[in-house]
Structures are given as C-alpha cells and as structure tokens.
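I opened this notebook to record what I looked up in the model and how each term was applied. The entries follow the order in which I took up the topics.

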Amino acid sequence: MGKCKDITRLLSDALERKLGMREWLAVGAHLPTCSGCRNFRKHIGLLRAASRAMSGLDDIDDPETRGR
Ligand SMILES: [Zn+2]
C-alpha cells in the first residue's frame, strides 16, 4: 500500500490544524483497511476526529468544541 506514512502524517496534522475534506476522505478510506493506522490513531487520541472522517463531515456539531 505505502500510504501509511501519508495517513499517519495527516492524523498528526489533524491535531494541529483542520484537515480538508479530501484529506479526511483519504484517512477515512484508509483506516478501515489498516489496523496499523487505526492503532496509531488510537495512540494519538483522535477517535472523535476520525469518526468524523468516516461520516464525511468536516464540521460536525460537537458538544466539546461548541462555544470555543
Ligand atoms: Zn495504514
């Protein structure tokens, strides 16, 4: 596959900036197929953001970020 490097980089980027829709789609397409990247995501604590990617929504109404 060879995409894992890109995906893990995007996942770490997501902690610091907002990913674009295309980036989330790449992540969302890759994660279900790759346990290694799912582990990485779990590691950095991006569970919420990644489930956002799965649903294809960039600006979900999130109680934790609302009012920031
Ligand atoms: Zn991977």
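**Entry 1: terms and basis.** Axes are lines fitted to C-alpha atoms, for helices over the stretch in contact, and angles run from 0 to 180 degrees between N-to-C directions. I noted that this is a predicted model, in which local features need pLDDT of at least 70 and side-chain atom pairs count only at pLDDT 80 or more, while totals for chains, interfaces and linings use all residues. Residues are numbered from 1 along each chain as its sequence is written, and side-chain values use heavy atoms, with hydrogens and water left out.

**Entry 2: overall content.** I found four helices and zero strands in the protein, where helices (H or I, at least four residues) and strands (E, at least two) are DSSP runs numbered from the N terminus. Along the sequence the pattern reads α-α-α-α. Of the 68 residues in the protein, 32% are buried; buried means under 20% relative accessible area, exposed over 50%, and partly exposed in between, with a 1.4 Å probe and protein chains only.

**Entry 3: helix packing.** I looked up α1 against α3 (residues 35–44): their axes come within 10 Å and cross at roughly 20°. The two helices α1 and α3 are therefore roughly parallel, and their crossing is right-handed. A crossing is left-handed if the near helix is turned anticlockwise from the far one by less than a right angle, and right-handed if clockwise. Next I took α1 and α2, which pack at an angle of about 120° with their axes 10 Å apart. That angle makes α1 oblique to α2. The crossing in which α1 passes α2 is left-handed.

Entry 4: Cys 4 in helix α1 (residues 4–13) and His 30 in helix α2 (residues 21–30) are 26 residues apart, and the pair links distant parts of the chain. I recorded Cys 4 as partly exposed, with a relative accessible area of 31%, whereas His 30 is buried at 7%.

**Entry 5: residues of α2.** Gly 28 lies in helix α2 and is buried, at 16% relative accessible area. Gly 28 and Ile 7 are 21 residues apart in sequence, with 9.4 Å between their C-alpha atoms. Ala 26, also in helix α2, is partly exposed at 23% relative accessibility. The C-alpha atoms of Ala 26 and Asp 6 are 9.2 Å apart, with the residues 20 apart in sequence.

**Entry 6: the record.** UniProt, in an unreviewed entry, lists residues 4–38 as "domain: Putative zinc-finger". I computed for residues 4–38 a span that is 69% helix and 0% strand, with its end C-alpha atoms 10 Å apart.

Conventions
UniProt positions renumbered as here; feature names shortened; annotations may be inferred. Parallel < 35°, antiparallel > 145°, perpendicular 65-115°, else oblique.
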